[in-house]
Amino acid sequence: MNNTIIKIEDLYYSYDNKTLAVNKLSTEIYEKEWVCILGHNGSGKSTLSKLIIGLLAPLKGIVEVNGKVLNEENVYDIRKDVGIVFQNPDNQFVGTTVLDDVAFGMENQQIEREEMKIRINKFLHKVKMEQFLDSEPHMLSGGQKQRVAIAGALALDSKILIFDESTSMLDPQGREDIINLIKELKSDGDKTIISITHDLSEAILADRIIVMKNGRVVKTGLPIDILQEEELLVDCGLDVPMTVKLSQKLKDANIIDKLYVKQEDLVNSLWEYNLRK
Ligand SMILES: Nc1ncnc2c1ncn2[C@@H]1O[C@H](COP(=O)(O)OP(=O)(O)OP(=O)(O)O)[C@@H](O)[C@H]1O
Ligand SMILES: [Mg+2]
């Protein structure tokens, strides 16, 4: 296991001083892993991500990023290490054009003009938005905004990337594009990736899953193990994907020997079974 890059200890947060959005949460995230935070609406996932980048200040508890305990003095320093794509891309736009917007974060980090241009082109191309360079962000669809926000975060080249439901507004193809992009980042091997979702079919692809409920971590583990805990998932308000349910039944009946998440893989294995018979 790699070194710990984010450590959270007994963290509490409340928006209204009555209910706890994050409630005694402790967890660790390891360097260069792709970890997926899974949880129902309102379980505290976005709040946690805002606490990690110091956008919200905890009531109590410790956030440690890259060896530094987050405080008022080092919050800007720490934000250089953590890029975030917010759940609602509308809250993220600052530029009057797509180009300005992707450039903005880099300008803050005083990246040279030539290098900026290279990165703008590279990352807008990666999210398939290069033809929208001069468009005004408010003219874009939700999914297009999400893509631009992703390009902006990638352009900053931070060690840690948080994607908060970054595929929620995309169509299936767009979703697959972004998931492939995350896979590519993962295989490049130098980033720590935190993706937040309630989509189990996205979570299965990660190295590890952290399940949240009511502001706490209720379980962490390998995707294949977590996905078999149907009771836990149902209790956390998450839907077990149909393919997983079906393959669980087929596995119980000794027809297949493992669980499948992708429908195509399950179908292939059933064909093989059919031929073996
Ligand atoms: N700006 C806010 N003001 C007041 N309460 C809030 C605010 N943002 C979130 N909350 C509350 O805090 C709790 C945790 O919300 P949070 O947005 O962190 O959950 P989440 O897991 O990200 O949910 P979702 O899957 O819907 O994005 C919820 O009860 C929510 O209603
Ligand atoms: Mg959220």
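In helix 3 (residues 98-108), the buried residues are Val98, Asp101, Val102, Ala103, Gly105 and Met106. A residue counts as buried if 20 or more other C-beta atoms lie within 10 Å of its own, as exposed if 12 or fewer do, and as partly exposed in between, with C-beta atoms placed from the backbone. Helices (H or I, at least four residues) and strands (E, at least two) are DSSP runs, numbered from the N terminus. The model is predicted: local features need pLDDT of at least 70, side-chain atom pairs count only at pLDDT 80 or more, and totals for chains, interfaces and linings use all residues. Residues are numbered from 1 along each chain as its sequence is written, while chains are lettered from A and ligands numbered from 1 in the order in which they are written.

The buried residues of helix 3 pack against helix 4 (113-126) and helix 5. Val102 contacts Ile120, Phe123, Leu124, Val148, Ala151, Gly152 and Ala155, leaving aside neighbours within four places in sequence. Contact here requires C-beta atoms, placed from the backbone, within 7 Å. Gln110 follows helix 3 and has a positive phi, near 55°.

Val102 also belongs to the largest nonpolar core, which has 68 residues. Such a core is a set of buried Ala, Val, Leu, Ile, Met, Phe, Trp, Tyr and Cys residues joined through C-beta atoms within 7 Å. Val102, Ala151 and Ile162 touch the most other members. Helix 5 (residues 142-155) gives the most to this core, with 7 residues. Domain 1 (4-228) and domain 2 (241-277) each supply at least three residues to the core.

The protein chain is divided into these two domains. Their bounds come from an automatic or database domain assignment. The C-alpha centres of domain 1 and domain 2 lie 33 Å apart. The contact takes 6 residues from domain 1 and 4 residues from domain 2. On the domain 1 side, 4 residues are nonpolar, 2 are polar and none is charged. In this scheme Ala, Val, Leu, Ile, Met, Phe, Trp, Tyr, Cys and Pro count as nonpolar, Asp, Glu, Lys and Arg as charged, and the others, Gly among them, as polar.

Strand pairing requires at least two DSSP bridges between two strands. Strand 6 (residues 82-85) pairs with strand 7 (residues 160-164) in the parallel sense over 4 bridges. Gly83 stands opposite Leu161 in strand 7. Val82 and Ile84 point one way from strand 6, Gly83 and Val85 the other way, and all are buried.

A further 4 strands form an open, antiparallel sheet in the order 2-1-4-5. Strand 2 (22-30) and strand 5 (68-69) are the edge strands, each pairing on one side only. Strand 4 (residues 60-65) and strand 5 pair over 2 bridges. Val65 has Lys68 of strand 5 as its bridge partner.

Strand 9 (residues 208-213) and strand 10 (residues 216-221) pair in the antiparallel sense over 5 bridges. They form a hairpin with 2 residues between them. Asn214, in the turn, has a positive phi of about 50°. Lys213 is bridged to Arg216 in strand 10.

Ligand 1 is surrounded by Tyr15, Ala21, Gly39, Asn41, Gly42, Ser43, Gly44, Lys45, Ser46, Thr47, Gln87 and His198. A residue is near a molecule or strand if its C-beta atom, placed from the backbone, lies within 6 Å of it. Helix 1 (residues 45-52) provides the largest share of this shell, 3 residues. By class, the shell has 2 nonpolar, 9 polar and 1 charged residues.

How values were computed:
Two residues are in contact if their C-beta atoms, placed from the backbone, lie within 7 Å.
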